[in-house]
Amino acid sequence: MKILVAIDDSAFAGKVLETAVAMAVDKAAELTIISVASLLDDIDDMPPGMNDKLRAVAEKTVAAAKEAAAAKGVRAETHVEQSESPANSIVTYAKEMGADRVVIGHKGKSRLERLLVGSVAQGVVAHSPCSVFVVK
């Protein structure tokens, strides 16, 4: 079994990772950790190198998650992407790696925010090629 866990640098991501690691142990599964950094359009007022900084945060996030998984006895691969659509990136990578399950966190958003911004978890659930486990 192959499990793909999608995390960001939020405090809640720790709970998502813990859940995925427990699943990997229980199923003797391969674990891959993905983080998708935002890709911002060039805006006149945006500080130079902002996209590079966002990618660096994602790289640091997956590295720390890999160490946390290893501390629980789970070997994990890592993957970082930079995209305007994290949900699409997660779904595409799940297809590429042949994931059997995606583990992702759900953050409560108001209806207005969901309408305007969209929910990454909702997009992954709707388009994933495999089962999706949403951690609340």
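These legends describe close-up views of one predicted protein model.

Residues are numbered from 1 along each chain as its sequence is written.

View 1. Helices (H or I, at least four residues) and strands (E, at least two) are DSSP runs, numbered from the N terminus. Along the sequence, the pattern reads β-α-β-α-β-α-β-α-α-β. The protein has 136 residues, and 38% of them are buried. Here buried means under 20% relative accessible area, exposed means over 50%, and partly exposed lies in between (1.4 Å probe, protein chains only). A contact means heavy atoms within 4.5 Å. Of the contacts with a separation of 6 or more, 75% are between residues 24 or more positions apart.

**View 2. Five strands make an open, parallel sheet.** Their order is β3-β2-β1-β4-β5. Strands β3 (76–83) and β5 (131–135) stand at the edges. Each has a single partner strand, so one side of each is left without a neighbour in the sheet. On average, neighbouring strands are turned by 20° against each other, direction ignored. Axes are lines fitted to C-alpha atoms, for helices over the stretch in contact, and angles run from 0 to 180 degrees between N-to-C directions.

**View 3. Strand β1 pairs with β2 and with β4.** Two strands pair if DSSP finds at least two bridges between them. Five bridges join β1 to β2, and the two run parallel. Look for Val 5, which stands opposite Val 103 in β4. Strand β1 is mostly covered, with four of its five residues buried.

**View 4. Helices α3 and α5 pack on the sheet.** Helix α3 (residues 86–97) touches β1, β2 (30–38), β3 and β4. Its direction makes about 150° with that of β2. Helix α5 (residues 120–127) touches β4 and β5. The direction of α5 makes about 160° with that of β4.

**View 5. Helix α3 has buried residues along its length.** They are Ala 87, Ser 89, Ile 90, Val 91, Tyr 93, Ala 94 and Met 97. Their cover includes β1, β2, β3, β4 and α5. The expected span of a helix is 1.5 Å times one less than its number of residues. For the twelve residues of α3 this gives 16 Å, and the end C-alpha atoms are 16 Å apart, which agrees.

**View 6. Gly 98 follows helix α3.** Gly 98 lies in the loop between α3 and β4. Its phi is positive, near 70°. At 38% relative accessibility, Gly 98 is partly exposed. Met 1 is 97 residues away along the chain, yet the C-alpha atoms of Gly 98 and Met 1 are separated by 9.4 Å.

**View 7. The whole structure has two salt bridges.** A salt bridge is a side-chain nitrogen of Lys or Arg within 4 Å of a carboxyl oxygen of Asp or Glu. In one, Arg 55 meets Glu 59 at 3.7 Å, N to O. Both lie in helix α2 (residues 50–71), four residues apart, about one turn of the helix. An α-helix has 3.6 residues a turn, so residues three or four places apart point the same way. Arg 55 is partly exposed at 30% relative accessible area, and Glu 59 is partly exposed at 38%. In the other salt bridge, the closest N and O atoms of Arg 75 and Glu 77 are 2.7 Å apart. Arg 75 is exposed at 65%, whereas Glu 77 is partly exposed at 38%.

**View 8. Confidence is lowest in helix α4 (residues 111–116).** The score used is pLDDT, the predictor's confidence in each residue, from 0 to 100. Helix α4 has a mean of 47, while β1 has the highest, at 98. Over residues 112–117 the pLDDT is below 50. Beyond near neighbours in sequence, that stretch has five contacts in the model. For the protein, the mean pLDDT is 89, and 90% of the residues reach 70 or more.

Terms used. This is a predicted model: local features need pLDDT of at least 70, side-chain atom pairs count only at pLDDT 80 or more; totals for chains, interfaces and linings use all residues. Side-chain values use heavy atoms; hydrogens and water are left out.
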